[in-house]
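Dear colleague,

Please find below the structure that I am handing over to you, together with its sequence. My notes on it come after.

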Amino acid sequence: MSGTSVTAVTPAPPAADTTGEAPTGPHPRDRPARPAATLAAVNTAALLVLMAFTTPLAVLPDTVRHLDSGPTGPAWILSSISLGLSATQLTAGSLADILGRRRVFIAGAVGFAASSALTALAGSLALFVTGRILQGIAGAALLAAGLGLVGHAFPTGAARVRATATVGATFGAGIAVGPLAAAELTRVAGYAAPYLLQAAAALALAVASTSLLSESRSPARRGLDPLGALTLGGGIGTLTAALVEGRQGWGRPTVAALLVTAAVLLAAYAATALRGRDPMVDPRLLRRPAFRLSVLGSLITGIAVIAVASYLPTLFQGLLGLSPLQSAAVLSFWSFTSVAASLIAGRVSSGVRARRQMALGLAVIGAGFLGLLGMDAGAPWAVVVPGLVVAGVGLGLLNAASTRLAVESVPPDRAGMGAGASNTARYTGASLGGALVVAVVQSAPGDTPLDALSTGGHRVLLLGAALSLLGALVAALTRNEDHPQLIRPTTQENTYQERQES
């Protein structure tokens with residue numbers, strides 16, 4: 001939240017329950033957190049998920065040839081993991097808070113290993129898309145539970161700011177390393193090599209996490225919300241599918257049916273959440289400026305940043321004449337700069353309001369996109385380096401602020417849900433941004449395909465810059481602090497904290 005962190009509850013043995021109320025304070029089966037081990041495991045998971053997310057960007061032609069996919073193949077190859085990530089982040093985060101974040105994290109690692117192996121062995125588009133969707137579902141469990149574990153291990157203060165900034169830096173590292181590793185592994189060992197490596201790494205992470213991580217969960221007794229998981233997860237997943245299918249034409253009956261289904265499911269969730277006792281996402285959280293900013297910042301990150309970054313390799317190869325590996329290497333100027341910026345931000349920004357850091361990051365990203373407008377057919381690759389470096393600084397600031405807000409903008413007992421909400425917005429935004437990019441490119445005029453690519457690329461960069469600058473303005477105008485009544489933990493934690501204070 002805006003420079004204000006939620007006060008952590010001091011661990012203490014739970015009192016005997018003589019009132020019939022739910023127990024308060026830390027869960028009796030939870031062990032003390034191990035901050036260094038927790039951060040190492042969560043960073044490994046974030047690196048792995050982001051590497052998997054970016055794998056097809058550098059090897060799309062090889063993947064299309066291997067799967068012999070049709071006209072809709074490339075869109076689903078690139079976007080199927082987003083469907084799994086966006087549809088299940090909130091469910092995974094809520095389950096982590098209720099059942100145990102360590103338990104959900106390890107289950108996610110095992111699922112990621114299995115789904116990566118399935119993707120590696122896929123011989124058809126349908127099986128590949130299934131594997132990638134399952135990768136997204138498992139990745140959602142890793143990311144949501146992982147940030148919840150970080151929030152528990154680093155309850156407040158400068159240590160939390162540094163920890164969340166490190167996770168933000170790891171997001172940038174995954175974006176940098178993923179395409180490079182995928183391009184080289186595919187060149188040396190074939191299409192399946194990147195996914196087999198991801199499977200082995202995820203399995204090793206699952207084994208290591210059984211001894212490295214301590215369990216944590218919400219001290220409040222909450223019931224599961226299966227209807228909420230079905231309606232909200234199904235609505236977001238259906239919306240993502242509609243955005244992917246819409247790239248081939250928005251007037252098709254399939255797209256209309258998916259959009260209507262998504263609207264019905266999301267409306268059903270809104271109706272049930274307002275009346276339910278333990279909704280998966282409490283709509284009242286939207287009263288918190290910090291929570292709204294966390295979701296909005298992640299949404300703009302997906303639409304304006306991830307979508308544009310996903311299109312840059314196409315521009316580098318089509319306009320600058322670079323190979324897939326060379327394109328990934330040039331893009332790493334952006335990604336590695338973002339890693340350094342996130343780490344530096346974690347060291348120096350503990351006294352800076354997160355909203356100001358987010359606004360600055362988005363503004364700098366917008367300036368970086370404008371700096372890429374000098375990219376034309378036949379230009380040397382060095383012409384894009386200054387813009388990529390500037391955008392990388394902005395992305396580093398943005399990632400550090402976003403991960404911090406995801407944890408701080410919700411009560412401590414809902415840290416997994418807060419992470420899930422942020423990541424849901426991020427990957428839903430990526431799907432929406434991808435659809436916008438395709439629409440802009442397809443509408444670009446040009447006497448030759450190369451002219452159309454150049455015009456479309458410039459329009460995409462202008463769109464990304466405009467959305468980034470708009471997001472910066474919204475973040476800058478957001479209220480400084482949440483109202484005191486809105487930043488307190490949930491009712492049962494309030495009771496526990498008040499007993500401790502008295």
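This is a predicted model: local features need pLDDT of at least 70, side-chain atom pairs count only at pLDDT 80 or more; totals for chains, interfaces and linings use all residues.

Aromatic pairs

Searching the whole structure gives six aromatic pairs. One of them joins Phe128 and Tyr195 in an edge-to-face arrangement, with 6.0 Å from centre to centre and 85° between the planes. Because Phe128 belongs to helix α4 (residues 125–153) and Tyr195 to helix α6 (residues 193–212), this pair ties together parts that are 67 residues apart in sequence. Both Phe128 and Tyr195 are buried. Phe128 and Tyr195 also belong to a cluster with Tyr191, linked by ring pairs.

A further pair is formed by Phe333 and Trp381, whose ring centres are 6.1 Å apart; the planes meet at 25°, under the 30 degrees that counts as stacked, so the pair is stacked. Phe333 is in helix α10 (residues 324–348), while Trp381 sits in the loop between α11 (354–371) and α12 (385–408), so parts that are 48 residues apart in sequence are tied together by the pair. Phe333 counts as partly exposed because its relative accessibility is 33%. Trp381, at 42% relative accessibility, likewise counts as partly exposed.

Helix α5

Helix α5 (residues 157–189) comprises 33 residues. From first C-alpha to last, helix α5 reaches 46 Å, close to the 48 Å expected at 1.5 Å a residue. Within α5 there is a kink of about 25° at Val177, shortly before the proline Pro179.

With kind regards

Key:
Residues are numbered from 1 along each chain as its sequence is written. Side-chain values use heavy atoms; hydrogens and water are left out. Rings of Phe, Tyr and Trp (its six-membered ring) pair if their centres lie within 6.5 Å; planes under 30 degrees apart count as stacked, over 60 as edge-to-face and the rest as tilted. Helices (H or I, at least four residues) and strands (E, at least two) are DSSP runs, numbered from the N terminus. Buried means under 20% relative accessible area, exposed over 50%, partly exposed in between (1.4 Å probe, protein chains only). The expected span of a helix is 1.5 Å times one less than its number of residues. The bend at a residue is the angle between axes fitted to the seven residues ending there and the seven starting there.
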